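This report is written for a reader meeting the structure for the first time.

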Amino acid sequence: MNNFINNPEIFSINKLEPHSDHKYFCENKVLKKSLNGIWDFSYCDSPIWSTIIVPGHMELQGYGVPQYVNTMYPWDGHENLSPGEIPQDYNPYGTYRKQINIPKDWQNSPVIISFQGVESCFELYCNDKFVGYSEDSFTPSEFNITPFLSEKENTISVKVYKWCSGSWLEDQDFWRFSGIFRDVYLYTTPSVHVQDTFLKSDLSDNLKNVTLRNELILNYLRECTVNIIMELKDSNDNIVSISEAIRTKDNKVYLELKAENINLWSAEIPYLYTINTYVKDDSSEEIIEMVSQKFGFRKFELVNGIMTINGKRIIFKGVNRHEFNCYRGRAVTDEDMLWDIKFLKANNFNSVRTSHYPNNSKWYDLCDEYGIYVIDEVNLETHGTWQIMGKPTNNKVIPDDKIEWLENILDRAKSMFERDKNHPSILIWSCGNESYGGENIFKMSQYFKNIDSSRLVHYESIFWDRRFNDTSCMESRMYAKVNEIEDYLQNNPQKPFILCEYSHAMGNSNGGLHKYIDLEDKYPMYQGGFIWDYIDQALMKTDEFGKDYLAYGGDFGDRPTDYNFCVNGLVYADRKPSPKMQEVKYLFSNFKIIPEKNRVLIKNNNLFTNLSDFSVQYKLLYNGEIKITGIINANVEPLSEKFFNLDIPEQVENGEYTVEVSIHSKQPTKWAEINHEISFGQYTYKIGLDKFQYSDKPYTLIDGDFNIGIKGFNFHFIFSKVYGGLVSLKYNNTEFLKDTVLPNFWRAPTDNDRGNNMAQRYAQWKIASLYPNVSNIECNDYQKYVEISYTYNLNTTPASICKIIYNISGDGKIKITMKYDGTKNLSNMPAFGMNYKIYKNFNIINYYGLGPEENYIDRLHGARLGVFKTTTLENLSQYVIPQECGNRTQNRWLEITNNFGFGIKISSPNHFEFSALPYTISELENAKHHYELPNSHCTSLNINAKQMGIGGDDSWGAFTHDEYLMPSESSMEFSYCVEYVTK
């Protein structure tokens with residue numbers, strides 16, 4: 001092991017200076033050669049050489065195991081280390097080796113090797129000679145290997161260590177991998193090469209005209225004079241403007257051109273120009289090199305304490321995005337990135353924070369092209385040095401003011417800036433994440449401010465350490481509650497406010513998101529936020545039965561670990577959207593649609609886009625089925641609103657009517673097909689009232705010693721006096737029930753529930769659900785119907801009771817009423833309803849309620865009223881740890897049938913909630929992985945008056961908001977009907 005791997009002041013040796021990621025060309029010469037593919041590999045100096053794929057991680061190719069930790073360092077509990085020290089007992093490394101062929105036309109030209117990402121540090125050798133060393137896992141490391149090349153065969157060797165002193169700066173909440181995980185390639189340059197280009201634009205006050213400046217750094221391989229010219233082309237490849245030619249031998253060149261009536265770049269309209277810079281030989285006029293760059297003109301600035309883009313107040317509708325692939329870890333593919341950008345645009349996101357490191361360079365090209373605002377974040381997080389067990393401590397904080405870390409972190413900032421500086425999508429530089437405060441990070445922010453006036457600087461941890469409050473241009477918080485945000489904004493705020501992380505999307509979550517969105521209209525200095533986070537960091541693994549499953553921390557024997565805290569995504573690790581996206585897409589839309597009976601108010605909150613660019617469609621639904629459709633031509637200017645009439649005649653037939661208005665794309669876009677829905681709104685009203693009617697059909701009542709039986713045409717029900725409930729529900733001589741129907745007050749805890757100790761706080765309601773005692777049974781025959789009532793002692797302290805009343809009519813219809821009178825000094829209820837275990841062949845779900853995805857009382861804004869169809873298996877959300885899922889609210893009716901359309905129907909004029917799953921509440925609660933769930937033996941049907949909200953402000957203690965709880969001192973009652981249905 002070398003003697004600089006544990007020295008924070010040595011972070012690179014012989015590494016070339018960072019530069020812009022521009023593309024350059026030379027006629028009739030290939031200038032780049034990929035080294036991706038299969039390399040020879042030796043793990044920890046094993047004498048046996050095998051192979052490995054580059055880019056990729058060692059741990060995901062059989063060399064070591066991946067380890068997931070959040071704030072603690074991965075060696076905690078193995079060795080006691082001080083910052084900068086590295087594990088002595090366990091620091092595995094891998095040696096990569098590859099023979100390279102240098103193209104013949106590269107003779108007499110420099111040969112540079114570029115590593116786009118290597119974790120966490122590496123030594124480079126060429127033909128067994130030491131070339132250099134580099135840290136910083138997430139920005140390019142480049143070396144000139146020309147002096148080390150031979151005329152015959154050449155071999156590159158790369159020794160990659162898992163840990164180095166720089167690992168103390170990379171304590172991000174992610175899997176700990178190692179290896180060459182981004183592209184590796186060789187490149188050469190023409191005889192005169194644009195080494196770096198820095199584009200700067202100065203827009204006029206009216207944002208119509210621009211002065212474009214280009215600062216070039218040239219490398220000369222031969223003495224010559226060159227002419228340099230820059231041209232600006234629009235998106236149709238027309239030349240808009242050309243600079244004056246500059247004749248020079250200098251290394252630094254400044255080009256300038258002017259253009260009028262330019263198109264601006266924004267996330268809504270990501271207009272890109274092409275800037276071509278030509279380097280010509282002065283004597284021959286031959287083009288030595290051409291540099292081509294996409295560029296957008298935009299003005300991002302603080303105006304009166306508010307962040308603006310092109311003169312308009314910006315609201316970030318963002319997400320934190322780790323680079324991740326469930327098979328490849330952080331070695332993401334071009335296809336992954338393309339899927340991500342299309343998905344984000346199609347679901348109304350306008351911004352991304354690169355948590356918590358610079359991303360693959362191609363990602364920024366996509367953000368430029370598709371229109372995404374970016375917070376670009378330095379590869380810096382030292383969370384575990386200053387926050388121990390959730391409490392701040394400054395025993396060993398780094399970088400703080402410690403001089404030995406200053407140049408290291410400034411190098412990381414410079415490497416990110418120089419590579420990414422020409423991307424219009426980047427609006428904000430971030431000085432890293434959760435690294436406390438101090439002078440070093442302040443100096444980093446000063447570096448950004450001094451070198452780039454076109455962007456702002458972000459750093460959240462000034463909240464924890466106010467010594468250098470000017471480090472950040474904005475007040476940035478993580479997981480602040482709504483009342484905390486309002487407290488800041490109502491008390492003479494000095495900076496605009498954003499949430500760099502909020503609405504923690506762990507498992508079944510994101511409840512209450514709408515309360516944050518409501519702040520946008522109340523406070524101009526509130527400017528949105530970034531949900532944590534985009535994609536579950538779960539890795540595909542094989543279970544004991546040979547089936548693939550998504551694994552989390554600890555599943556690889558990795559210790560210490562933070563287990564499933566790596567799965568917080570709006571998107572599952574296999575890139576399937578979770579049901580949470582339904583809510584986010586709706587709330588993030590720039591259109592707010594408020595229908596009435598025959599008109600609609602449309603608010604266009606876009607900054608630059610007219611509603612006329614979209615298609616506005618409407619429909620009238622009668623009892624959930626479409627009755628009338630239409631299209632209106634709507635013109636609403638940005639940041640305006642307008643009413644439009646709908647051609648819907650007055651309705652007279654009794655029933656429920658829903659006016660739905662939606663906005664769609666008129667043309668196909670890069671991210672969506674034609675007619676892609678962007679947003680919708682609904683208005684519902686009723687004509688007439690629903691009433692329960694008892695039938696005149698005859699029935700037979702059998703009041704036995706142990707059971708009460710009721711028979712009629714096509715039905716037979718049995719109510720047990722011994723087991724305390726309905727035990728047999730037969731229609732057409734077909735039994736539906738596998739077990740006694742009992743009251744239920746429990747749900748399988750969600751990740752948020754576990755984080756706030758809901759199970760411990762509300763445990764009595766689980767006992768009440770498992771072990772209710774029947775204290776009284778009554779049976780009365782009222783001629784038109786039979787009433788059977790059960791009174792249950794719920795075994796709580798203090799004591800509480802509930803009543804379930806069954807009214808059975810001669811047509812086999814059952815009206816069921818559940819009552820609870822309220823008990824003081826008991827915890828809130830998770831749910832209030834009844835559980836049915838039905839034979840599993842009844843697994844087809846048709847319902848009229850809010851859908852199509854699961855929804856909860858604090859996460860229902862994105863759900864719409866309609867008739868939907870699904871299955872119990874489809875209804876099981878794929879949260880990595882099984883938990884409460886599949887709920888639907890505001891249901892009018894529900895049908896549970898078999899494949900032949902025969903089953904039961906549940907309905908209520910007062911609406912109800914339900915979930916129908918292939919597993920019981922207990923089975924979901926007891927499993928830590930989906931493969932631990934048993935073979936399904938029933939359809940578990942939960943009919944609830946209400947279930948508490950799921951919360952989501954954070955997943956480590958935040959409670960569900962009070963208005964979405966169910967206080968046990970309140971009385972509750974609801975009724976619904978059960979009958980059979982056949983198609």
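## Arg321 and its surroundings

Leaving out residues up to four places away in sequence, Arg321 touches Met337, Asp340, Val352, Arg353, Thr354, Ser355, Asn359, Trp363 and Tyr534, where contact means heavy atoms within 4.5 Å. Arg321 is found in the loop between strand S28 (316-320) and helix H1, and with a relative accessible area of 0% Arg321 is buried. Buried here means under 20% relative accessible area, exposed means over 50%, and partly exposed lies in between, as computed with a 1.4 Å probe on protein chains only.

This is a predicted model, in which local features need pLDDT of at least 70 and side-chain atom pairs count only at pLDDT 80 or more, while totals for chains, interfaces and linings use all residues. Residues are numbered from 1 along each chain as its sequence is written, and side-chain values use heavy atoms, with hydrogens and water left out. Helices (H or I, at least four residues) and strands (E, at least two) are DSSP runs, numbered from the N terminus.

## Helices H1 and H2

The axes of helix H1 (residues 334-346) and helix H2 (residues 361-370) come within 10 Å of each other and cross at roughly 30°, which makes H1 roughly parallel to H2. The axes are lines fitted to C-alpha atoms, for helices over the stretch in contact, and angles run from 0 to 180 degrees between N-to-C directions; those under 35 degrees count as roughly parallel, over 145 as roughly antiparallel, 65 to 115 as roughly perpendicular and the rest as oblique. On the side of H1, the contact is made by Asp334, Met337, Leu338, Asp340, Ile341, Lys342, Leu344 and Lys345, and on the side of H2 by Lys362, Trp363, Leu366, Cys367 and Tyr370.

H2 is mostly covered, since seven of its ten residues are buried, namely Ser361, Trp363, Tyr364, Leu366, Cys367, Asp368 and Tyr370. What covers these buried residues includes H1, strand S29 (351-353), strand S30 (373-377), H3 and strand S33 (426-430).

## Helices H3 and H4

Helix H3 (residues 403-420) and helix H4 (residues 439-451) have axes that come within 9 Å and cross at roughly 30°, which makes H3 roughly parallel to H4. In this contact, Trp405, Leu406, Ile409, Leu410, Ala413, Lys414, Met416, Phe417 and Glu418 of H3 meet Asn440, Ile441, Lys443, Met444, Tyr447, Phe448 and Ile451 of H4.

Leu406 lies in helix H3 and is buried, with a relative accessible area of 7%. Leaving aside neighbours within four places in sequence, Leu406 is in contact with Asn440 and Lys443. The C-alpha atom of Leu406 is separated by 61 Å from that of Asn835, which lies 429 residues apart from Leu406 along the chain.

## Cysteines

Taking a disulfide to be a pair of cysteine sulfur atoms within 2.5 Å, the count comes to zero disulfides. Cys44 is in no disulfide, and the nearest cysteine sulfur, that of Cys121, is 13 Å away; Cys44 is partly exposed, with a relative accessible area of 33%.

The sulfur of Cys473 has its closest cysteine sulfur in Cys431, at 8.9 Å, which is too far for a bond. Cys473 itself counts as buried, at 16% relative accessibility.
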